[in-house]
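Please look at the sequence and the 3D structure shown here, and then follow the report below, which takes up spaces, a helix pair and a charged pair in turn.

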Amino acid sequence: MALIRQRKLTKQQIRRIDKQQLESQDSIDDSLMDGVVMAHYGKQLEVQVTSLPAVIDEPPEIGPDDPEPFWQELALGDIWRCHVRTNLPMLAAGDQVRWTADSNTGFGRIESVKPRTSLVSRPDRYHKLKPVAANIDILAIVFAPLPAAAPSLIDRYLVVCHHAGVKPLLVLNKADLLAEDDYADTHELLTQYAALGYESVLTSVDCPENIAENDEQIGLGELKSYIDHKLVIFAGQSGVGKSSLINALLPESAQSVNIISENSQLGQHTTTTSRLLPFNPDELTAGGIVDTPGIREYGIWHLTPEDIISGFIELAPLAGYCQFRDCRHTHNSKGCALWQAVADGEVLQRRVENLVTLRQEADTKPY
């Protein structure tokens with residue numbers, strides 16, 4: 001096979017190439033602007049304009065007999081559909097980006113992503129880790145008396161919060177149902193998490209299965225004070241009223257809601273795409289809600305055993321006192337400090353059982 005020799009460039013040619021590259025980079029820099037990813041649609045994303053570039057293209061001049069060409073003006077607060085450079089990581093709602101706009105086509109291109117303060121990810125249907133939202137401050141874990149609260153799912157979300165560096169907030173919706181004897185277990189569950197130091201808010205909104213005139217929306221003021229100027233994810237099993245809560249907090253968001261299935265008592269999924277819903281569309285620094293697709297499960301196979309147990313804040317300090325360093329904390333584990341704490345009434349048995357379940361799930365790879 002013949003060798004291909006690299007042509008030696010003269011100093012003049014090198015200077016000319018360097019000058020052309022510098023001019024090209026200056027041109028790109030002049031057209032760059034700031035934006036925030038508002039939604040992700042496969043290969044395209046919606047980006048809101050948060051700053052204007054140094055140089056803004058002028059509309060083309062149109063002759064008397066020329067047809068009017070397509071031209072999209074560029075203004076603060078506008079939403080543009082954008083492509084992404086191939087060398088960038090997968091982006092998510094909440095990402096802060098630098099991008100350029102082409103007014104001739106109405107499309108933009110994301111050139112870079114700014115460092116993230118946090119990132120919430122989950123495995124997708126193909127068992128690949130997919131970012132759900134970036135720069136999140138609070139993950140609001142929504143549950144309700146109906147459908148029945150799932151402590152295992154709440155514990156799962158608490159692990160996710162701890163791993164992602166996001167503050168958890170328990171939101172018990174449909175709190176008016178707590179007055180009924182049938183839902184005493186839900187009240188006890190809330191008390192147990194409060195004893196662990198987790199903050200909670202009780203709310204009651206006009207859920208579609210229980211609408212009445214002049215219903216009082218309980219707890220919304222307190223919830224607003226928690227999430228003001230914060231970027232928040234509302235997560236939880238379907239049917240607990242996540243979309244109804246978002247409608248109450250942001251009536252203009254027009255989130256769809258579905259009535260709980262009378263047969264299964266489980267919620268029907270209503271949200272399909274993660275989307276950032278700002279509290280103030282003209283000022284994204286005021287925070288907002290990232291509405292994520294409804295999920296009943298949240299895979300954690302990408303987490304290590306240490307990641308998982310660190311999310312059980314009252315159990316993690318005890319693990320160092322187990323007789324064996326590789327203790328799996330199952331019920332029959334010899335010398336397990338966690339189960340000794342259960343026997344002594346210091347920790348909840350269900351929390352240890354949920355820890356074991358999540359660790360076993362993480363050990364079982366989906367491929």
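Strand β1 gives the largest share of the lining of the second largest pocket, namely three residues. This is a predicted model, in which local features need pLDDT of at least 70 and side-chain atom pairs count only at pLDDT 80 or more, while totals for chains, interfaces and linings use all residues. Residues are numbered from 1 along each chain as its sequence is written, and side-chain values use heavy atoms, with hydrogens and water left out.

The elements that give two or more residues to the lining of this pocket are β1 (33-41) and β2 (44-49), where strands (E, at least two residues) and helices (H or I, at least four) are DSSP runs numbered from the N terminus. The pocket is lined by 25 residues, of which V36, T50, Q96, L284 and T285 lie nearest its centre.

On a 1 Å grid over the protein atoms alone, a pocket is an open set of points with protein on both sides within 12 Å along at least five of seven lines, a cavity is a set where a 1.4 Å probe fits but cannot get out, and lining residues have an atom within 4 Å of a point. By this rule there are two cavities of 30 Å³ or more. The lining of the second largest cavity includes I141, V142 and F143, together with L153, I154 and Y157, and the elements that give two or more residues to it are β8 (138-143) and α2.

The contact (heavy atoms within 4.5 Å) involves, among others, D155 and R156 of α2 and R350, R351 and E361 of α8.

The structure also holds 13 salt bridges, each being a side-chain nitrogen of Lys or Arg within 4 Å of a carboxyl oxygen of Asp or Glu. In one of them the side chains of R275 and E46 meet at 3.0 Å, N to O. Because R275 lies in strand β12 (residues 275-278) and E46 in strand β2, this pair ties together parts that are 229 residues apart in sequence.

Definitions and conventions. Points joined across faces, edges and corners; volume = space filled by probe spheres on them.
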